Amino acid sequence: SKREIKLRKLDSTKVRPLRSEQLLHIEDHDFALRPGFGGSPIPVGIDVQVESIDSISEVDMDFTMTLYLRHYWKDERLSFRSNKNKSMTFDGRLIKKIWVPDVFFVHSKRSFIHDTTVENIMLRVYPDGNVLFSLRITVSAMCFMDFSRFPLDTQNCSLELESYAYNEDDLMLYWKHGNKSLSTDEHISLSQFFIEEFSASSGLAFYSSTGWYNRLFINFALRRHIFFFVLQSYFPAMLMVMLSWVSFWIDRRAVPARVSLGITTVLTMSTIMTGVSASMPQVSYIKAVDVYLWISFLFVFLSVIEYAAVNYLTTIEERKQLKKRGKASGMYSMDAVQAMAFDGCYHDTEEDMDLSPFPEPCEENETRASQTNISNADTPRLKRKRSLKGNVGRIILQNNHAIDTYSRIIFPSVYIVFNFFYWGLYI
């Protein structure tokens with residue numbers, strides 16, 4: 001009636017619809033219901049443009065991606081008359097007043113729509129009711145990674161899209177342009193990975209309480225750059241293994257030199273292994289880098305054990321020789337090199353070489369020798385030093401143990417074979 005119309009005009013609490021809303025007849029329809037409610041499922045096309053892959057985290061097993069997500073569907077309730085058959089474009093303020101697909105990211109940890117300087121949302125409506133709905137989104141999603149070949153691995157990750165409320169009876173989600181629906185920026189690059197492939201696929205997901213849902217997949221394969229790990233892990237490990245072989249060329253009686261070298265290489269290998277493990281998730285299986293580092297650690301450890309065996313066998317041999325000489329001459333005597341193997345001191349005088357079965361400490365021997373005849377000992381000492389300088393190489397070779405000689409050949413050969421087998425297996 002005229003009275004009701006007059007009262008409606010005087011009611012200041014009513015907000016007059018905008019011109020765009022009047023043109024789209026938003027007030028005349030219930031947009032809480034999907035288009036074609038009660039009939040066949042509404043087809044919703046999707047296409048995606050990947051702007052960037054921001055990060056890949058092995059520890060958290062996830063990736064972060066920024067993309068443009070576009071939806072296509074037809075809603076005849078939004079059709080309008082247009083003489084020039086032109087579309088109308090709107091921002092995010094109209095989204096809350098019409099029906100839009102409720103697409104979400106499966107296995108996502110966090111995501112957001114960019115809102116600088118305003119929300120990055122675009123809605124385009126065509127005269128026949130076709131709608132284009134575009135969003136700029138950054139999403140972090142899970143990627144189930146397998147590190148059994150790390151760092152010589154290739155990871156396959158996927159971002160999955162699905163409707164949250166509408167199953168396949170109400171909404172049919174599909175790629176708008178087939179395999180061409182997924183496009184990427186040509187300048188996408190990652191510090192540790194090379195992007196081998198981007199592909200789009202589709203499937204179905206079943207939930208016991210709600211039924212079957214259409215699901216779309218954005219698949220991409222990432223191959224890891226190995227050069228960083230060669231510099232940080234593999235190359236230092238190789239150097240430590242080769243450094244441990246230096247002890248095979250050191251005189252077997254130089255106990256401090258060979259022991260300190262062995263301990264240093266063992267501790268350095270332990271540091272390298274700890275550094276690699278700290279940057280990786282605590283998985284319960286063996287990784288490829290673990291195999292290499294543990295085998296390298298074993299080589300270094302065996303180098304220390306090798307010298308322990310050499311030192312022990314040397315001591316046994318020289319004790320037997322000492323007993324034979326003692327029986328033959330009635331006293332225990334030995335040369336300077338043998339004496340140094342027992343008490344760790346270098347003996348300059350002949351008196352020092354005639355040791356009792358239980359030799360005194362080297363400090364007492366030196367004091368006794370110096371008190372006996374200091375002036376007479378100077379001349380033999382100078383002669384011995386001169387001869388020692390000229391025959392260092394000959395003395396080292398003569399005093400090598402057979403185990404050292406074999407180790408110089410066996411250790412490098414086995415390590416080279418291991419490297420060929422390792423790189424041939426994983427590359």
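## Aromatic pairs

Rings of Phe, Tyr and Trp (its six-membered ring) pair if their centres lie within 6.5 Å; planes under 30 degrees apart count as stacked, over 60 as edge-to-face and the rest as tilted. This predicted model holds 26 aromatic pairs. The ring centres of Trp73 and Trp99 are 5.9 Å apart with planes at 85°, so this pair is edge-to-face. Trp73 is in strand S2 (residues 62-74), and Trp99 is in the loop between strand S3 (88-90) and strand S4 (103-106). Strands (E, at least two residues) and helices (H or I, at least four) are DSSP runs, numbered from the N terminus. Trp73 is buried at 3% relative accessible area. Buried means under 20%, exposed over 50%, partly exposed in between (1.4 Å probe, protein chains only).

Trp245 and Tyr415 are edge-to-face too, with centres 5.8 Å apart and planes at 80°. Both belong to one aromatic cluster, whose members include Phe248, Tyr292 and Trp423.

## Disulfide

The structure holds one disulfide, a pair of cysteine sulfur atoms within 2.5 Å. Cys143 is joined to Cys157, S to S 1.8 Å. The S-S torsion is about -80°, so the disulfide is left-handed. Both Cys143 and Cys157 are buried.

## Confidence and conventions

Mean pLDDT, the predictor's confidence in each residue from 0 to 100, is 82 for the protein. Residues 9-15 fall below 50.

Residues are numbered from 1 along each chain as its sequence is written. In this predicted model local features need pLDDT of at least 70, side-chain atom pairs count only at pLDDT 80 or more, and totals for chains, interfaces and linings use all residues; side-chain values use heavy atoms, leaving out hydrogens and water.

Definitions and conventions: Contact = heavy atoms within 4.5 Å.
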